[in-house]
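Please read through the model shown here. The paragraphs below go from the overall fold to the cores, the pocket and the salt bridges.

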Amino acid sequence: MIRDLRACPRPVDGCAVTIGAYDGVHRGHQLVIAEVRRRAAERGLATAVVTFDRHPATVVRPDSAPLLLSTLDQKLGLLDATGIDYVLVLTFDEARSKEPAVQFVDEVLVDCLRARLVAVGADFHFGHKREGNVELLRELGATRGYDVEVLDLVGLDGQPAGGGTSVSSTAIRAALAAGDLARANELLGRPHEVRGVVEHGDKRGRDWGFPTANIALPDSTALPDDGVYAGWYVRPDGSVHPAALSLGRRPTVYADHGLRLLEAHLLDFDGDLYGEAAHVRFVRRLRGQERYDDIADLVAQMHRDVDDTRSVLAADAVVEGDGR
């Protein structure tokens, strides 16, 4: 992981490089990186991903920037797992957004990574006001010693996508927003995971026999639609706990005025979680949020939710392994 251009690797035989936000490092991203690694192996090159600390859209169009599928730390961990040789993380700020396209090529691709192959999508743009595109990248490559390969968007089968069936961060966000967690997880290739910190809540769940961890999340986090979910809760020590998850405004208690909260009830767990970092994985949607006229009815439903969570996660542990 390279966070400073002063620590550039400058591999002797050069690099095959791909560039992008890589939000979520989903199955499409993984297929792109696998293809870059394959082509690099054919030419005896190292491999590198250039990505960004802050999604570029949060700087150049903050009012319409997308919600994020992964934190920076999560993204870097997922990229590391692909087997790529180098991940260069560029701080994307106002200065970077105004950098001329030619400067980016010379400073990052040529000097830092010694690129010999650059693989990007057909709609790739870079540099100030998106002045750089694939055509300019090719023109510069002709005098700077690298080739450009344009990679198609792919479907789940790894073949070029058609008819809107591509694996993309945009498609995953849309599936989450629509409450289609199964589709989002299929495109991701894993359960959607969010990360936050456990904070104190109103402790109503404890009074009802269901203590919950209230997890404060960054405002930029992409979340599923409101509902009750079966999922996994990962503690800082790496231990993984089955959890019934509630995401929403708690309509039985607060009607339409509650804050939107993510609460996790860890099954068969009794301990202090306050202040710790939490990784929460959404495995399956159990139901939508509902309003009950009687707290006893709500508690009865919570018992059913816990039973359903046990059943779902028992099957998930068999399929996926419970040591993730």
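How many helices and strands does the secondary structure of the protein chain come to? The count is 11 helices and 11 strands, where helices (H or I, at least four residues) and strands (E, at least two) are DSSP runs numbered from the N terminus. This is a predicted model, in which local features need pLDDT of at least 70 and side-chain atom pairs count only at pLDDT 80 or more, while totals for chains, interfaces and linings use all residues. Residues are numbered from 1 along each chain as its sequence is written, and side-chain values use heavy atoms, with hydrogens and water left out.

The protein chain has 324 residues, of which 47% count as buried; buried means under 20% relative accessible area, exposed over 50%, and partly exposed in between (1.4 Å probe, protein chains only). Of the contacts (heavy atoms within 4.5 Å) in the protein chain with a separation of 6 or more, 72% are between residues 24 or more positions apart.

Next come the nonpolar cores. A nonpolar core is a set of buried Ala, Val, Leu, Ile, Met, Phe, Trp, Tyr and Cys residues joined through side-chain atoms within 4.5 Å. The largest one has 31 residues, and Val 17, Ile 19, Val 50, Leu 109 and Leu 137 touch the most other members. Strand 1, strand 2 (46–53), strand 3 (86–91), helix 5, strand 4 and helix 6 (134–144) each supply at least two residues of this core. Helix 5 gives the largest share, six residues. Leaving aside residues up to four places away in sequence, Ile 19 touches Val 50, Phe 52, Phe 104, Leu 109, Val 118, Ala 119, Val 120 and Phe 124. Apart from this core lies another, of 27 residues, among them Val 198, Leu 223, Ala 243 and Leu 247.

Rolling a probe the size of a water molecule over the atoms shows where empty space is left. On a 1 Å grid over the protein atoms alone, a pocket is an open set of points where a 1.4 Å probe fits, with protein on both sides within 12 Å along at least five of seven lines, and lining residues have an atom within 4 Å of a point. Grid points are joined across faces, edges and corners, and a volume is the space filled by probe spheres set on the points. The largest pocket has a volume of about 1400 Å³. Strand 1 (15–19), helix 1 (27–43), helix 2 (57–60), helix 4 (94–97), strand 4 (115–121) and helix 7 each supply at least two residues of the lining. By class, the lining has 20 nonpolar, 13 polar and nine charged residues; here Ala, Val, Leu, Ile, Met, Phe, Trp, Tyr, Cys and Pro count as nonpolar, Asp, Glu, Lys and Arg as charged, and the others, Gly among them, as polar.

Arg 173 lies in helix 7 (residues 169–177) and is buried, with a relative accessible area of 17%. Not counting residues up to four places away in sequence, Arg 173 touches Asp 23, Pro 66, Leu 67 and Leu 69. Ala 175 lies in helix 7 and counts as buried at 8% relative accessibility. With the same exclusion of residues up to four places away in sequence, Ala 175 touches Asp 180, Leu 181, Arg 183 and Ala 184.

Side chains of opposite charge can pair when their charged atoms come close. A salt bridge is a side-chain nitrogen of Lys or Arg within 4 Å of a carboxyl oxygen of Asp or Glu, and a search of the whole structure finds 21. Arg 183 and Glu 186 meet in one of them (2.9 Å, N to O). These two residues are separated by about one helical turn, because they are three residues apart in helix 8 (residues 181–188).

Arg 10 pairs with Asp 111, the closest N and O atoms being 3.2 Å apart. Arg 10 lies in the segment before strand 1 and Asp 111 in helix 5 (residues 101–112), so the pair ties together parts that are 101 residues apart in sequence. Arg 39 forms a salt bridge with Glu 149, with the closest N and O atoms 2.8 Å apart. This pair links Arg 39 in helix 1 to Glu 149 in strand 5 (residues 147–151), 110 residues apart. Both belong to a network of salt bridges that links Glu 35, Arg 38, Arg 39, Glu 42 and Glu 149.
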